Amino acid sequence: MTKIAMVLAYVIGGGVLGGLLSGFDRILTARMQSRKGPPIMQPFFDVLKLMDKRTVVVNNYQTFYVACFLIFIILTGALFFVGGDLLLTIFALTVAGIFLVLGAYSSHSPYSTIGAERELLQMMAYEPALLIAALGMYWVTKSFHVSAIASYSHPLIAVLPGIFVSVLFILTIKLRKSPFDLSTSHHAHQELVKGLTTEFSGSSLAMIEVAHWYENIMLLGFVYLFFAYSPIIGIAATIAVYILEVLIDNMYARLTWQFTVASSWIVTAGLAVTNLIAITMLLK
Amino acid sequence: MNQISFLLLFPLAPALLLAFISNQNVRNLIVWISSLTLIFVSLSLATAHLGTSPEFFSVDSPVLEKLFFAGEILLSLYLLWRCRGINKKESYIPVLIILQAGIGIFLELSGKLPKVENAFYVDNLSVIMALIIGIIGTIICIYSLGYMKEYHEHHKEIKDNIRGFFFIFFLFLSAMFGVVLCNNLVWLFFFWEVTTLCSFWMIGYSKTEEAKRNSYLALGMNLIGGLGFSIALVYLTFFAKTPTIELDRLIHMGSALALIPACLICFAGLAKSAQLPFSSWLLGAMVAPTPVSALLHSSTMVKAGVFIIIKMAPILQHTTAGLLLAGVGGVTFLMASLLAVSQSNAKRVLAYSTVANLGLIVTCAGVGTYEAIWAALLLVVFHALAKGLLFLTVGTVEHKIGSRDIEDMEGLIAVKPFLGVVMLIGIAGMFLAPFGMLISKWACLKALIDASPILAVLLAYGSAPTLFFWSKWMGKILSVPSNAVPLESPVDTNEATALTFLAIPTVLTCLLFPLIASVAIEPYISNLYGQTMSLSRGNILIMTIMLGLIILVPLGFVFYPRKQKHVSSYLAGANVSSGSASFLGAMGVVKDVATRNYYLSAAFGEAKLSLASVILGGALILGMFVVVII
């Protein structure tokens, strides 16, 4: 019963919190650029407005893929916050991502196809880091369950610093922040129209937006796990990480896919793998 | 024992019949009847032996021993005779054949061969393998009925040798049953070499120059592996503390005594399952007709290699040699997955993915703990299903659209919906949660992190490109150009039947895998290790929910009200007219939009990675033997 309640709480709370986070993001970005920025509720207004618009599509299936994307993102988050298996959560996240990519492919549009290819490259770039982070947490806490990892009494950050930095690195990709926002970006200055989401409009674009809210909350939950020994420090660290990501977003221009994949893999190998091997040798 | 001798001998009957019959209807009838018989008998073998402890059968027949000896000599003579076609570079092949035959004859005539008490056995692993051979093998055989007919209609220049094809096909099934049911290693090795012969014959089917060269490459590499097996037999006869050539005794000898012969046999397994540095033969084998690639080069024969390595797992566990062997598998998984990214030829993608997944199985077997073997067995089952299905679909698609290039499969879902859906099921089965292969990969990760984190890291890195090349293929199938025309010509009934009966279990196994695991896999492991593992109920529930969503959400969309406005895709305002995705080209000509996938050959091409992979694989194998001998 408590699990069902937790899922419900996440489905409602996750969305609201994600939307607020997005509003906060926009204000923060505006302030960094010496603008005032929109009200914090702006993302909700945007989504409501999108819902009200007529959906223009290239084919009927697009909406289906996007709906699957949203459903699987919510499922992923629910799995995570109920305390389920971390590896399974990562796999569910992958499934969700692939639905979005398939939606982009299905339109047979040049812009969204390139967006889809780049999204896949991004997934290829971040996947090892996420898996290795899960492996590291498992090695320390002896469990893949989020509930067990979250209730681990010692600070995970102290034993997994390398893994933490590599997660921060790929978090930039996952949050769709520059310099790694190859497939689609919130900045208007990029060259590929709107990449992945070019052919989505109206309610399907709204679904993508809402899915990102849920996704961001889950990702920050992942960051929180490193500091879960103390909820206050955990929440503070999570907010700090988000502010850092927004700062990076505003500091860099977009980089190439070669750099994205190579740097993510090298950072993961250099920091996360070294960290993992070190703890497996030291903590038997 | 009746079932075993039936499975070994019965396929020879249709083999001989089909070698002489050229009437298509009679051939259809014979293949259908013998396939259904084989399915029935392998199922009855399963019901009799699943979940029970291994059962052994002794055969005390000097005549049979003589027959096997004669068979070995005949086999070598045939291969030597076929060496007429070799070129200078391949002159090592007859040397290997003579060396192997020499060792065989020497062993037989020395009179030192240890007495064999139990020549045959059945345990849960051989039942699993027998089911794969008996069911998936025969389904592929039924598929070949339609495929081979169309093959010769499409390739008039190739000499029709369908009779020979079906003879070899059934001979192969018999030999595979021999490999998984023989406890006598000398006999097992005979069947092993028969599968090498079948593979060699099938790869050379089209008699083109490329086919010939590739068939000799496959023969040569498998013979190198086979030499390892022969040496293992010599070692077991002359140098072992307690000489034996029985598989179960070898396994129970333990790491201290049996590591050298086990590694030699694993070496043969590595060559057979196309692990680095031997992977090139499997890529070359793709010139064979597609059912051959499905049966020999993905579902069964290459599985014989990992089968024997899995058998050796109890000896390998907790040894450095085992870890190095696992390293060969891990490196193969990573490199083959990376190489697959650069391929646009569908069969080559499938071949690289096969090599990669076999690598994963080898990794688990090399680690050899009970968790790892659990994962390895799941991989064997799911891979045989999904990959068999994919190969067959590619074969049919090739005949329908005239190309096996993934780029030409654009919009397949609209061009030929049945084939599109089946192909999507196959691809999803290979890499997407909650389908079989992903469950297995998940189990692998858990098993590997407990044994060796480096291996788990190889898996984490290797699965990333897997995601990339499968998804872009899926995207291609689903990306429907506005001018796509549905294809009229129907799929052959035999082919459609085979595809359906592979596609349904690929989906069903996601629901039934806890059952498969508890009935077939866990008894084998608890029998061997005294303990076993299983997935927690909660996780099974979650995977069922995911599968339910994947199946139900599309159904929901059938009833979804569509108030959507349709437009052509966005071309930055250059669209010629609304409704068609075309634009005015530089010379004022109307052009349709075309999209192409990324293959990134500058980063992941064969020219860049192949040599390094071979060197790495070779070095690890060398390391394994160095460690064992020291």
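**Exercises on helix packing and a chain contact**

Helices α16(B) and α17(B) are roughly antiparallel to each other (angles over 145 degrees count as such). The model is predicted, so local features need pLDDT of at least 70, side-chain atom pairs count only at pLDDT 80 or more, and totals for chains, interfaces and linings use all residues. Residues are numbered from 1 along each chain as its sequence is written, while chains are lettered from A in the order in which they are written.

**Exercise 1.** Find the angle at which α16 and α17 of chain B cross.

*Solution.* Start with the helices, which are DSSP runs (H or I, at least four residues) numbered from the N terminus: α16 spans residues 320-341 and α17 spans residues 346-367. Next, take their axes, lines fitted to C-alpha atoms over the stretch in contact, with angles from 0 to 180 degrees between N-to-C directions. These axes come within 7 Å and cross at roughly 160 degrees.

**Exercise 2.** Work out where α11 of chain B bends, and whether this helix is largely enclosed.

*Solution.* Then turn to burial (20 or more other C-beta atoms within 10 Å of a residue's own). In α11(B), 14 of the 18 residues are buried, so the helix is largely enclosed by the rest of the structure.

Methods
Helices (H or I, at least four residues) and strands (E, at least two) are DSSP runs, numbered from the N terminus. Angles under 35 degrees count as roughly parallel, over 145 as roughly antiparallel, 65 to 115 as roughly perpendicular and the rest as oblique. The bend at a residue is the angle between axes fitted to the seven residues ending there and the seven starting there. A residue is buried if 20 or more other C-beta atoms lie within 10 Å of its own, exposed if 12 or fewer, and partly exposed in between; C-beta atoms are placed from the backbone.
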